[in-house]
Amino acid sequence: MSLYLAELRRLGKRRLTRFVLVLLILGLGAIVVAMTASSQKSGPAAKAKAEVAAEADYQEQMGYHRQFVARCEAAKEAGTSQQQGMPTDCAEITPPQREWFSVEHYLPFELDFRELFPIFIAVFAGILALAAYLVAASFVGAEWSSGGMTNLLLWRPKRLTVLLTKLGAVLTGVLATGLLLGALWTVAFWLIGRYDGTLGGMTPGVWRSFALDGARGLGLVLAVTTVGFGLASLGRHTAMALGAAVAVGVISEAGLRIATSVIGVPFPGRWILSSYALAWFNKKWTLIDVQSCAFDPVNGCVPKEFTITWQHSAIVFAAGTALVLLATLWTMRRRDVA
Amino acid sequence: MTAVLEIRDLSKTYRTLRRGRRQALAGFDMTVAAGEVHGFLGPNGSGKTTTLRTLLGLIRPDGGEMRLLGQPVPERLAEVAGRVGAIVESPQFFPHFSARDTLSLLADAGDVPRTRVGEVLELVGLRDRAKDRIRTYSLGMKQRVAVASALLKRPELLILDEPANGLDPGGIREMRDLMRSLAADGMTVLLSSHILGEIQQICDSVTIISLGRRVAAGPVEEVLRAHSAASVRVRLEAADDLPRAAAALTEAGGQVTSLPDHLLVAAERPAWITRTLADRGLYVSELAPITVDLESVFLELTGTAPVAGQARQVDESVVVGGHA
Ligand SMILES: Nc1ncnc2c1ncn2[C@@H]1O[C@H](COP(=O)(O)OP(=O)(O)O)[C@@H](O)[C@H]1O
Ligand SMILES: [Mg+2]
């Protein structure tokens with residue numbers, strides 16, 4: 001217990017932790033500010049303004065239309081319709097329709113809390129995961145490369161206890177930060193919806209669904225934290241985790257995408273980590289193979305589909321995290337600290 | 001005598017991908033008795049740090065037995081770790097924390113009251129710089145932080161790996177005084193060093209290691225006596241008589257080394273030499289026993305005495321005492 005508290009204290013004292021935390025708050029704050037600024041409530045005034053704008057646009061387009069028809073008639077009389085690329089029957093030119101200029105298109109952006117907040121939960125989780133990966137990797141990586149781990153092991157010669165306590169401390173820190181900032185994030189968007197947007201249709205069911213989205217997001221963040229911690233400990237250097245992240249990014253997101261398309265594997269998205277992240281947040285993610293044909297007696301040829309569900313994602317993420325963690329613990333037990 | 005530290009037949013071979021295998025310890029033995037200041041002496045690369053790391057559970061030995069405070073390690077290390085304070089190899093600390101933060105985090109991790117932090121900082125003379133970041137410390141000051149961290153838990157056994165590294169002469173003297181006073185309070189101190197003067201000045205007993213093996217051990221005076229080989233320098237009134245004197249002494253069973261202006265006679269009593277030479281009508285003008293110090297014993301035992309015109313490489317010690 002004392003070790004756990006000491007590690008929490010060490011985490012909070014680190015410059016990188018504080019720096020990343022400030023950056024995180026500034027980044028999230030910037031998004032909130034941008035949303036407040038761009039979202040506007042659609043009151044009667046805004047509606048009337050949009051009505052006017054739509055009508056003005058319609059009239060303008062009608063003006064262009066009439067000019068064009070006039071040019072067409074003139075060409076017909078002069079018998080130069082062909083040269084000017086004009087139709088012979090000027091009635092064929094369709095005038096703009098009034099319903100094309102619907103009021104909605106002229107209304108300013110209005111944040112619909114119920115509709116849009118799930119996307120912002122994913123955005124929040126993504127940003128938090130990035131920060132947590134960095135903090136966790138450096139928390140243990142710097143300790144290895146500075147010799148602090150050796151000192152600690154001289155004090156507490158139980159290697160697994162020491163490492164797992166450190167991991168516990170960093171997970172606690174990330175979870176606490178996630179819950180706190182997540183609550184503020186929710187309040188901020190609710191306020192934007194309340195004063196600059198719309199809160200329509202918020203039932204307890206919607207809130208429950210938001211809570212589940214948030215829990216899934218935090219789960220992913222904690223997994224990413226563990227992986228960053230594990231990789232840095234395996235390589236005994238922060239750079240190991242950062243290198244691995246870049247490598248996965250390049251290999252999975254670019255390399256595999258190209259390789260699979262060259263050799264023509266169906267559904268290359270299946271091999272790409274970000275598909276699983278998308279499925280995790282959207283509950284499912286459907287890949288479409290546009291070149292394939294599954295014959296269907298009613299619709300004829302429809303492209304084949306491949307659906308990644310959030311359960312698939314759960315398995316992939318859990319297995320990856322467990323693998324890294326086990327390798328980390330095993331090397332911690334076996335390898336010399338020299 | 002109770003032993004607080006016993007090592008039997010310890011062996012360790014490092015395996016690295018790039019350099020292959022390197023045997024660091026080849027059947028090493030060491031015993032440290034309670035209450036003494038024990039010197040652990042050996043040239044660079046002889047295996048001192050490896051021994052201490054193994055003892056403290058940082059690396060895994062390939063064979064051998066070790067006991068710390070009567071408990072077998074590494075099996076029971078966790079139980080005795082609280083009574084052993086140690087630093088291995090110039091220890092490093094997280095550079096952005098102050099000495100006080102570093103020590104108080106260690107104190108927290110080890111259930112030591114934080115008031116102890118101020119005490120040890122005072123003890124190693126860092127009180128006034130304790131709030132500065134360790135990054136701004138000199139090597140000697142870092143070494144003091146390390147010693148302070150080892151003292152935090154009021155250990156019964158204090159293990160220090162080359163604590164004089166990087167200290168200025170004043171610092172070395174202060175460290176020596178500190179160790180003396182700790183020993184006077186009943187703490188057992190194990191002190192590794194390649195600096196012989198250090199060991200000779202403050203240690204009660206010594207273990208000398210070379211190429212991963214013990215080459216000598218015991219109380220400092222005993223080691224000196226056993227290896228002093230008591231030579232006697234002999235000068236005659238007439239230098240021309242030296243060859244005759246050498247022949248006479250050799251004939252009488254002495255071991256003689258002839259030098260341009262004197263003879264060195266090994267392991268003989270001065271009286272015997274005078275009598276033997278007087279019998280042949282040779283008269284001695286100087287007869288001086290040559291005193292040895294730990295340094296020459298060390299150089300002799302580890303085969304690292306400098307040879308004029310050669311640069312000795314770090315691993316070029318000789319194997320002494322029939323181990324080859
Ligand atoms: N981590 C390591 N990997 C490979 N060889 C090592 C390692 N640490 C030490 N050695 C080798 O083991 C031998 C003993 O080293 P060490 O115990 O550090 O000596 P000392 O502390 O007496 O100077 C040396 O030859 C050294 O090169
Ligand atoms: Mg060493």
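Trainee: Before we start, how should I read the labels and values?

Mentor: Residues count from 1 along each chain as its sequence is written, while chains are lettered from A and ligands numbered from 1 in the order in which they are written. The model is predicted, so local features need pLDDT of at least 70 and side-chain atom pairs count only at pLDDT 80 or more, while totals for chains, interfaces and linings use all residues; side-chain values use heavy atoms, with hydrogens and water left out.

Trainee: Great. Where does ligand 1 lie?

Mentor: Ligand 1 sits between chains A and B. It has 14 residues around it, and the closest are Arg22(B), Gly45(B), Lys48(B), Thr49(B) and Thr50(B). A residue counts as near if one of its heavy atoms lies within 4 Å.

Trainee: Which backbone atoms lie by an oxygen atom of ligand 1?

Mentor: Gly45(B) has a backbone N or O atom 2.7 Å from a ligand 1 oxygen, and for Gly47(B) the distance from such an atom to a ligand oxygen is 3.0 Å. A polar backbone atom of Ser46(B) is 3.3 Å from an oxygen atom of ligand 1. A polar contact here is a pair of N or O atoms within 3.5 Å; within protein, one must be able to donate a hydrogen and the other to accept it, and residues adjacent in sequence count only if both atoms are side-chain atoms.

Trainee: And how much of ligand 1 does the protein bury?

Mentor: The protein buries 73% of the 560 Å² that ligand 1 exposes when taken alone. Those areas come from the Shrake-Rupley method with a 1.4 Å probe; for residues, only the protein chains shown count as cover.

Trainee: Which element gives the largest share of the shell around ligand 1?

Mentor: That is H1(B), with three residues. Helices (H or I, at least four residues) and strands (E, at least two) are DSSP runs, numbered from the N terminus. By class, the shell has four nonpolar, seven polar and three charged residues. Ala, Val, Leu, Ile, Met, Phe, Trp, Tyr, Cys and Pro count as nonpolar, Asp, Glu, Lys and Arg as charged, and the others, Gly among them, as polar.

Trainee: New topic: how many cavities of 30 Å³ or more are there?

Mentor: The count is six. On a 1 Å grid over the protein atoms alone, a cavity is a set of points where a 1.4 Å probe fits but cannot get out, and a pocket is an open set with protein on both sides within 12 Å along at least five of seven lines; lining residues have an atom within 4 Å of a point. Points are joined across faces, edges and corners, and a volume is the space filled by probe spheres set on the points.

Trainee: What about the largest cavity?

Mentor: The largest cavity holds about 110 Å³ of space. Both chains line it, including Arg10(A), Glu143(A), Phe93(B) and Phe97(B). Its lining divides into six nonpolar, three polar and two charged residues.

Trainee: And the largest pocket?

Mentor: The largest pocket has a volume of about 1100 Å³. It is lined by 34 residues, and those closest to its centre are Tyr133(A), Val224(A), Val227(A), Val248(A) and Leu273(A). H5(A) gives the most to this lining, 10 residues. By class, the pocket lining has 27 nonpolar, six polar and one charged.

Trainee: How is chain A divided into domains?

Mentor: Chain A has domain 1 (3–40 + 109–334) and domain 2 (44–106), with bounds from an automatic or database domain assignment. Their C-alpha centres lie 51 Å apart.

Trainee: Last one: which peptide bond is cis?

Mentor: The bond from Val73(B) to Pro74(B) is cis, with omega near 10°. Pro74(B) lies in the loop between strand E5 (71–73) and helix H2 (77–80) of chain B. Most residues other than glycine have a negative phi, and most peptide bonds are trans.
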